[in-house]
Amino acid sequence: MYKILLVDDEKLELNAIANYIRWEDMGIVVAGTAKNGREALQAMEACKPDIILTDVRMPIMNGLEFASKAKQLDKNVKIVFLSGHDEFQYIKSALAIEAMGYLLKPVDTAELTQLMQRVILKCQEDKQLSESAEATKEKLVRSLAAEQDEELRREWVKRIAMLPHPLPTIGRFRVCCCSLDAIDPGLPALETPMPVPLPAGPAALTGKQRQAILSLTEAKLAVMHLPSYVWAVDELRFCALSYVVDDAEDVGLPALMEELVEEAGNRFGVVLSVGISRLGRYLEELHERFGEAREANGDKFYSGTGRVIRYAAHAPAAPASALHVLDIAEQLNDAIAHLQTEQAEAILSGYFGAFAANRTSRDAIIAGTMQLISEVERKFAPLFEARAEQRAEQRPGQRSEQHDGQRSEQHDGQRSEQHDGQRAAPPAGHGESPLGIDWKTITEPGSVERLHAYLLAWCGGIMTVIRDRDHDKNLNVVHQIAAMIHARYGEALTVDDLAAKVYLTPNYIRTLFKQKTGETILEYMTKVRIERASELLNDKSLKIHEVARAAGYENVSYFCSLFQKHRGVTPNEYRKKYL
């Protein structure tokens with residue numbers, strides 16, 4: 001449906017034209033109405049009509065003046081004049097501003113329908129020509145941006161200048177290279193469990209959503225009321241060329257891109273990164289400015305995605321030998337083994353923090369990080385293998401099923417295919433890791449920040465497993481101590497004796513037992529002995545001193561005092577009262 005704006009100062013005439021003519025049958029919808037030229041200009045901004053039907057004689061701003069201004073706003077809009085005066089000068093003026101026709105009041109419906117058919121045909125022709133011209137323009141701009149030969153670039157510029165809507169060949173401009181990047185999760189805590197999946201890129205975006213983001217960019221640049229052009233580079237990248245006149249507009253462009261990054265995230269849930277080139281003076285420089293914008297966008301690998309980055313020349317990248325990976329791995333292994341979270345974070349921050357300053361190459365960073373992970377894996381893989389074996393022993397039924405499955409070559413092959421489909425294959429030289437390493441994330445990171453985030457979380461997973469192991473081991477020590485107390489409560493048992501049996505220091509087992517049970521070893525031993533003494537008092541053949549000795553107390557007075565403290569009565573009173 002094409003949109004029409006109706007303009008007439010006579011209210012009855014305007015209502016009749018708007019409500020009693022069957023516009024839908026012509027493929028037209030009434031998008032707005034106005035009673036003078038000034039109102040019509042405002043309505044035109046709001047409803048963006050394809051056709052305008054306007055009276056000639058109106059107060060404030062007549063139809064001819066309005067039509068002239070309307071053509072300045074949108075040279076493609078189709079104008080039809082309406083008047084009660086069949087005067088030649090009106091027809092002449094209408095033709096001067098490229099009007100599509102001239103109707104006399106009262107409107108003849110058949111004449112209006114015939115004229116609107118011609119108007120719609122013209123709209124369709126112009127749309128096809130415009131689409132063809134835009135396709136040519138995009139092809140030429142893409143060719144100019146990629147062309148390295150100066151002579152050919154001059155040829156592309158000449159052809160662009162001949163288009164219906166050309167770009168200025170002279171004027172200050174900048175190129176913005178925009179990319180739809182994977183969502184960075186930030187820097188997770190080291191305690192994050194393993195494995196650590198990170199979000200993938202915006203592969204789920206539909207073609208309509210990508211086009212909507214390009215349209216949003218065009219709308220943002222249109223606010224500057226200066227020439228601009230947006231074109232797609234590939235599915236996840238597009239560029240924007242924006243002309244600037246003064247320094248204020250030049251300063252405003254990065255701010256405009258910041259707004260675009262924020263709105264793209266809020267509306268479409270994607271992370272947009274923008275690289276901005278230096279100023280260009282001539283359109284022939286588009287190739288150089290495009291290269292700068294692309295390089296600036298590539299700096300997101302060091303600074304992180306979701307940012308607006310201005311081009312800056314950099315010194316050559318530092319050589320890979322400066323990484324000192326083995327020293328870093330040794331420090332990191334020590335911090336992980338001793339559960340020194342802050343130290344591990346500092347080591348990784350220092351390791352990754354130097355890359356941006358040194359401009360270390362992407363390949364060198366990935367290679368160094370793979371070596372770092374391999375060193376850590378070599379250190380802690382036995383821990384995870386032992387953990388897996390322990391869990392398998394706790395689930396004998398599952399272990400049996402797995403064992404039976406391994407004896408079947410057919411089943412084993414199917415299981416292998418399923419596993420390969422669910423997990424990205426590690427790089428050559430790396431088998432399946434018990435530490436659950438995601439080699440795809442490591443070898444194809446969107447940024448150093450993303451790689452840093454993964455290693456933080458991965459090391460945190462190792463530390464979590466170590467804590468769990470230590471927790472289980474400590475509980476086992478506490479159980480051993482409690483079992484020895486129950487077995488040997490009648491002996492002159494000391495903390496030193498217990499510590500020697502579990503090969504730990506007395507002070508350590510005192511602290512450990514208190515942490516895990518909430519009471520001291522002495523308190524627990526006393527509780528066990530008093531409970532045993534209460535049971536022995538059931539046997540009236542035993543004397544009090546015999547009960548005391550059997551419960552582990554040589555001093556009868558001390559035993560009686562302790563018993564009364566815990567039971568509220570003496571041993572004799574307990575025997576008389578409760579037995």
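Reader: Let me start with Tyr574: buried or exposed?
Author: Welcome! This is a predicted model, where local features need pLDDT of at least 70 and side-chain atom pairs count only at pLDDT 80 or more, while totals for chains, interfaces and linings use all residues. Numbering starts from 1 along each chain as its sequence is written, and side-chain values use heavy atoms, leaving out hydrogens and water. Under 20% relative accessible area a residue is buried, over 50% exposed, and in between partly exposed (1.4 Å probe, protein chains only), so with a relative accessible area of 16% Tyr574 is buried.

Reader: How many aromatic pairs are there?
Author: Rings of Phe, Tyr and Trp (its six-membered ring) pair if their centres lie within 6.5 Å; planes under 30 degrees apart are stacked, over 60 edge-to-face, and the rest tilted. By this rule, the count of aromatic pairs is 11.

Reader: What kind of pair do Phe173 and Tyr243 form?
Author: A ring pair is described by the distance of the centres and the angle of the planes. For Phe173 and Tyr243 the centres are 5.6 Å apart and the planes stand at 55°, so the pair is tilted.

Reader: How many residues apart in sequence are the parts that Phe173 and Tyr243 tie together?
Author: Helices (H or I, at least four residues) and strands (E, at least two) are DSSP runs, numbered from the N terminus. Phe173 belongs to strand β6 (residues 170–181) and Tyr243 to strand β8 (residues 237–243), so in sequence the parts they tie together are apart by 70 residues.

Reader: Which kind of aromatic pair do Phe563 and Tyr574 form?
Author: Their centres lie 5.4 Å apart. With 80° between the planes, the pair is edge-to-face.

Reader: Which helix holds Tyr574?
Author: Phe563 lies in helix α22 (residues 556–567), and the pair ties together parts that are 11 residues apart in sequence. Tyr574, at residues 571–578, lies in helix α23.

Reader: Which ring does the charged end of Arg529 sit over?
Author: A charge sits over a ring if NZ of Lys or CZ of Arg is within 6 Å of the ring centre and within 35 degrees of the ring normal. Ring pairs link Tyr553, Tyr558, Phe559, Phe563 and Tyr574 into a cluster. At 5.2 Å from the ring centre, the charged end of Arg529 sits over the ring of Tyr553.
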